[in-house]
Amino acid sequence: MTPIETTMILRLPARVALLPVLLFVCATLSCSQGGGSVSPAGHFNRLSSREQRDGWRLLFDGRTLDGWRGYKMQAVPAGWKAVNGTLTKSSSTEDIMTTEQFANFELAFDWQLGAGGNAGVFYRGNEAYEHIYWTAPEYQLLDDLGAPDGRSRLTSAGAAYGLYPSPIGVLHRVGEWNSGRIVVNGSHVEHWMNGRKLLEYELGSADWTAKVKASKFAAWPEYGKLQRGYIAFQGDHDGTLSLRNIKIRVLP
């Protein structure tokens, strides 16, 4: 703090508490005493005490890729890395999935795409077929303005890909982080983004069955019918995808 700034503080009326003023000036001037700046990953990939009590656990610790592997692979695909507290891929690569299967759960994650980016989150999928999306429904991740799929709400960010549309106006701009949440409980599924529920549907319902029959998924007889399965992030599109705060809470 400079002499001028010290003098300004000392001339303040006596009724103004000195400590809050000092703290304000210190923060403004980025005082170095008492520790340095927090690392970019410092606030992420951690669970609060309440989250721990509520049964949440991390699927990504911000440093390693433990608990993950490639689709029909024992190792993590080469294109996926743990970088600055994020699970990241920068070009087309194989899908990455959990080593563990889940039945009923609440999944939360932060995601960010590069311009024109296209990816997805698959849930309750298995490895019986060529691709995981032959069995697993998908939460779409997209740059709605820069990617061709953004021309339809059925394939825009947050949609249940090809089946249930997401509303417009919830997605943040490219370069900003979005929060995603998927709830799967029995046959009931919900998609959330940035604190807003986008859609919900019932697996196996008459409405869902009709939509599947009218889509490309009609060609795959086990699509959306598994009671438990892997969670996976799509990697086979070009561009950057970054993820953090990936956590799950198993539901009874």
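Predicted model: local features only at pLDDT ≥ 70, side-chain atom pairs only at ≥ 80, totals over all residues.

Analyst: The backbone nitrogen of histidine 172 is 2.9 Å from a polar atom in the side chain of asparagine 178.

User: What makes the pair of histidine 172 and asparagine 178 a polar contact?

Analyst: The cut-off for such a pair of N or O atoms is within 3.5 Å. The distance here is 2.9 Å. Asparagine 178 is part of strand S9 (residues 178-185).

User: Why is asparagine 178 called buried?

Analyst: Buried means under 20% relative accessible area. Asparagine 178 has 4%, so it is buried. Beyond its neighbours within four places in sequence, it is in contact with residues including Phe109, Asp110 and Trp111.

User: Why is the pair of tryptophan 68 and phenylalanine 233 called tilted?

Analyst: Ring centres must lie within 6.5 Å to pair. These centres are 5.8 Å apart. Planes under 30 degrees apart count as stacked, and over 60 as edge-to-face. The planes here are at 35°, so the pair is tilted. The whole count is twelve aromatic pairs.

User: What makes this pair a tie between parts of the chain?

Analyst: Tryptophan 68 lies in strand S2 (residues 68-70), and phenylalanine 233 in strand S12 (residues 230-233). Those parts are 165 residues apart in sequence, so the pair ties them together.

User: Which residues have the most contacts inside the largest nonpolar core?

Analyst: They are Leu107, Phe109, Tyr139 and Ile246. That core has 46 residues. Strand S6 (residues 105-113) gives the most to it, with five residues. Ile246 touches Leu107 and Phe109, among others.

User: How do you know that glutamate 100 and arginine 57 form a salt bridge?

Analyst: The rule asks for a side-chain nitrogen of Lys or Arg within 4 Å of a carboxyl oxygen of Asp or Glu. Here the N to O distance is 2.7 Å. The two residues are 43 apart, with arginine 57 in strand S1 (residues 56-58) and glutamate 100 in the loop between strand S5 (96-98) and S6.

User: Why are both called partly exposed?

Analyst: Partly exposed falls between the buried limit of under 20% and the exposed limit of over 50%. Glutamate 100 has 36%, so it is partly exposed. Arginine 57 has 33%, so it is partly exposed as well.

User: Where do arginine 244 and aspartate 110 lie?

Analyst: Arginine 244 lies in strand S13 (residues 241-250) and aspartate 110 in strand S6, so their pair ties together parts 134 residues apart in sequence. The pair is a salt bridge, with its closest N and O atoms 3.3 Å apart. Both arginine 244 and aspartate 110 are buried.

User: What makes the charge of arginine 244 sit over the ring of tryptophan 177?

Analyst: Part of the rule is a distance within 6 Å of the ring centre. The charged end of arginine 244 is 3.9 Å from that centre. The rule also sets an angle, within 35 degrees of the ring normal. Arginine 244 is listed as sitting over this ring.

User: Why is aspartate 144 buried but arginine 153 partly exposed?

Analyst: The limit for buried is under 20%. Aspartate 144 is at 13%, so it counts as buried. Arginine 153 has 24%, so it is partly exposed. Their side chains meet in a salt bridge at 3.4 Å, N to O.

How values were computed
Residues numbered from 1 in each chain as written. Heavy atoms only, no water. Core = buried A, V, L, I, M, F, W, Y, C linked by side-chain atoms within 4.5 Å. Buried < 20%, exposed > 50% of the residue type's maximum accessible area, 1.4 Å probe, protein only. Helix = DSSP H or I, 4+ residues; strand = E, 2+ residues; numbered from the N terminus. Contact = heavy atoms within 4.5 Å. Phe/Tyr/Trp six-rings, centres within 6.5 Å; stacked < 30°, edge-to-face > 60°. Polar contact = N/O pair within 3.5 Å; in protein donor to acceptor, adjacent residues only side chain to side chain.
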